[in-house]
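Hi there,

Here is the structure I promised to pass along. Please have a look at it, and then read on for my notes.

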Amino acid sequence: MEIPHPSRVPRATLPALRAVEGVLACVSKPLACYHLMTTTAVDLKSVTLTYGPFVAVKDVDLAIEKGSFVTLLGPSGCGKTTILRSIAGLVTPTSGEIVVAGRLINDVPIYKRNIGLVFQNYALFPHKTVEDNIAFGLKYRDVPRLEIARKVKRALDMVRLPGVEKKLPSQLSGGQQQRIALARAIVIEPDVLLLDEPLSALDANLREEMRTELKIIQREVGITTIFVTHDQEEALAMSDRIVVMNHGLIEQNGTPEEVYRTPSSRFVASFLGQSNLIAGTIASNTRGKAKITLDSGASIDAAAPASAKKGSKVTVVVRAQRLEVGKKAAAGSNRLQGRIAATSYLGGTAIYIIEAEGLKLQANTIIDTHVFREGDAVDVSFSPGDCVLLGEDDRRLA
Amino acid sequence: MKVRQAEDASGVWGWRAVKLLTIAVYVFMFAPIIVTVILSFNASMFGGFPMTGLSLQWYGKLFQNEAVLRAFKTSIWIAILTAIVCTVIGVMAAMALTRYEFRGKQLMNTMVIMPALVPETILGVGLLLLMKWAHQPRSYLLLVLGHIMLALPFVVLVVQARLIGIKRVYEEAALSLGASRFSTFREVTLPLLMPAIVAAILLVFTISFDNITASLFWRPPGVETMPTQILAMLKISISPEINALGTLMILITVGLPLAGGLIGRILFGNRQ
Ligand SMILES: Nc1ncnc2c1ncn2[C@@H]1O[C@H](COP(=O)(O)OP(=O)(O)O)[C@@H](O)[C@H]1O
Ligand SMILES: [Mg+2]
């Protein structure tokens with residue numbers, strides 16, 4: 001596969017081009033067809049990895065679609081880097097299989113896997129020029145000299161840093177260095193690009209800019225990407241799919257919307273975005289709608305699966321963004337009477353802490369009329385459809 | 001107010017005392033060196049003050065002294081050989097000790113550093129006894145091996161310190177880009193290690209060139225190194241020639257590392 005030059009190929013035509021390329025390849029090389037048809041680029045099959053007695057990754061199953069941008073999201077120490085390093089070949093899984101581009105690579109040494117790695121602190125070779133850094137991987141791939149120079153130049157164009165060939169990494173800013181690191185990893189046309197918190201060493205403004213840029217480059221090249229971060233915003237902004245991890249386990253694997261709207265566990269609900277977690281008991285459950293008696297005494301309606309049995313204890317999850325404050329409740333909505341305990345005014349939005357019928361709720365609202373202040377009496381409402389129910393095992397009832 | 005003034009005064013005196021002591025220490029350290037250098041240009045037959053005039057005659061005599069020239073050559077060759085072997089082995093040992101996990105690593109670490117901690121006299125006698133026991137004569141080989149043993153810990157320590165500072169991600173990046181372990185070492189680790197290697201070579205050279213205690217035990221019969229030659233000359237008389245010789249030794253053992261550092265800075269200064 002050839003990396004198309006971004007400036008010469010209109011972005012919209014890229015998928016079409018690639019499809020044509022695929023068909024042509026199929027016709028001319030029937031054997032390669034199987035390869036092109038499989039859409040799984042990386043497949044982890046019950047991968048476990050232990051450091052001595054400590055289990056860093058527990059029985060992880062993860063299939064990553066070709067060309068997609070997948071984020072491993074979780075708190076520090078949950079095993080994200082370990083998974084990335086096991087795909088790269090820097091650590092060996094204790095058990096399980098790792099398949100990349102249809103090839104079982106458990107026993108393939110790192111330098112014979114075709115994988116692009118980008119580290120948090122860039123890891124550009126400090127004694128080599130930008131040009132030599134980018135060309136490094138090409139030298140080991142029998143690419144002719146002239147071709148190397150051409151590819152290096154194209155890679156620099158791709159990361160929007162033309163003309164820095166002769167500079168040393170120390171002469172570049174952090175953001176520029178990270179672009180070079182990206183170019184160095186992409187120029188070898190790897191089967192998968194692995195990024196371990198690549199933006200966390202940059203300052204806030206630059207991070208946001210690089211986030212967008214990285215995503216654009218990934219789209220243009222169409223490269224399968226696994227991105228590791230502990231920053232939920234980054235994950236939500238960039239990913240096709242988010243894999244939420246905790247304690248070496250996958251908690252949830254879904255699109256950003258799925259993970260945000262329907263968290264599959266208490267951990268996901270509290271790690272990703274702001275949620276209100278309210279304890280209660282199912283009073284009745286008919287036709288997908290449950291009445292729930294909250295421990296605080298109030299009663300609410302919530303959308304519920306049939307498995308939510310009468311009398312069972314549940315936790316109701318309501319996103320802080322889904323609470324309406326001081327508005328006329330829509331028909332069928334839950335309504336609680338409360339009082340503002342604290343206001344954080346953020347200009348366009350406000351975060352309220354509200355004491356309502358024995359509950360302490362957080363509401364992140366868009367301000368359209370006026371801002372409520374501490375002590376104001378307000379009504380809080382939310383739709384039953386915005387409720388997610390967790391069972392006693394802290395997993396979502398399905 | 002008064003109290004504070006008193007405190008200030010005692011502070012000032014304290015500082016003066018520290019300064020005085022510092023100067024005294026430096027004088028104590030450098031006076032012998034300076035005296036040696038000055039007296040090496042003294043015209044007088046007797047190697048002491050007062051000076052009777054400036055002269056280079058002792059240097060001239062020195063360069064005609066067969067024994068001194070032979071000892072000088074011997075020392076240089078031993079130092080060069082020791083530096084080469086120590087650097088190669090030391091770099092490999094340091095790599096093993098910092099980059100790989102294996103059984104007995106801690107033990108090996110201690111063993112390598114040990115010769116730097118054990119008094120030289122004991123090392124000297126020990127190696128000699130071992131050779132006796134093995135019925136081996138004292139030879140150049142023994143002398144070089146002994147010097148290697150003495151200097152190796154310093155190479156390992158210097159290179160190890162630098163290796164710990166070279167982040168592993170550089171090597172991991174190289175491997176991920178397709179470079180084998182050897183290519184990674186040659187292309188990434190070695191160049192980043194170069195300043196430490198240059199420092200280690202100079203250090204080893206100096207250690208070997210300067211060594212007297214152990215050399216006295218190990219040298220083959222009739223062979224003198226530069227320091228043992230000086231000792232032998234001292235036994236006969238305190239000739240001004242020795243001052244000239246001492247000055248040259250100082251020039252080599254101080255000048256070489258300085259020059260090396262300078263070259264190192266010019267070569268690697270723009271890197272990281
Ligand atoms: N080489 C190692 N030896 C022992 N424990 C390790 C090693 N590397 C990582 N760990 C442990 O494994 C866990 C997962 O680490 P890591 O994958 O780096 O987490 P994350 O990248 O999600 O922050 C952590 O608790 C960490 O302390
Ligand atoms: Mg990590």
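This is a predicted model: local features need pLDDT of at least 70, side-chain atom pairs count only at pLDDT 80 or more; totals for chains, interfaces and linings use all residues.

**Ligand 1**

The residues surrounding ligand 1 are A:Y51, A:F54, A:A56, A:P75, A:S76, A:G77, A:C78, A:G79, A:K80, A:T81 and A:T82. By class, that shell has 5 nonpolar, 5 polar and 1 charged residues.

At A:T82, an N or O atom of the side chain is 2.5 Å from an oxygen atom of ligand 1. The side chain of A:T81 has an N or O atom 2.6 Å from an oxygen atom of the ligand. With A:Y51, it is a nitrogen atom of ligand 1 that is 3.5 Å from an N or O atom in the side chain. On its own, ligand 1 has 560 Å² of accessible area, and the protein covers 58% of that.

Which elements give two or more residues to the shell? They are β2 (54-65) and α3 (80-88) of chain A. The largest share, 3 residues, comes from α3(A).

**A helix pair in chain B**

In chain B, helix α3 (residues 66-99) packs with helix α6 (residues 140-165) at an angle of about 40 degrees, and their axes are 6 Å apart. An angle between 35 and 65 degrees counts as oblique, so α3(B) and α6(B) are oblique to each other. Their crossing is right-handed. The contact of α3(B) with α6(B) has 21 nonpolar, 7 polar and 1 charged residues by class.

Best wishes

How values were computed
Residues are numbered from 1 along each chain as its sequence is written. Chains are lettered from A and ligands numbered from 1 in the order in which they are written. Side-chain values use heavy atoms; hydrogens and water are left out. A residue is near a molecule or strand if one of its heavy atoms lies within 4 Å of it. A polar contact is a pair of N or O atoms within 3.5 Å; within protein, one must be able to donate a hydrogen and the other to accept it, and residues adjacent in sequence count only if both atoms are side-chain atoms. Accessible areas come from the Shrake-Rupley method with a 1.4 Å probe; for residues, only the protein chains shown count as cover. Helices (H or I, at least four residues) and strands (E, at least two) are DSSP runs, numbered from the N terminus. Ala, Val, Leu, Ile, Met, Phe, Trp, Tyr, Cys and Pro count as nonpolar, Asp, Glu, Lys and Arg as charged, and the others, Gly among them, as polar. Axes are lines fitted to C-alpha atoms, for helices over the stretch in contact, and angles run from 0 to 180 degrees between N-to-C directions. Angles under 35 degrees count as roughly parallel, over 145 as roughly antiparallel, 65 to 115 as roughly perpendicular and the rest as oblique. A crossing is left-handed if the near helix is turned anticlockwise from the far one by less than a right angle, and right-handed if clockwise.
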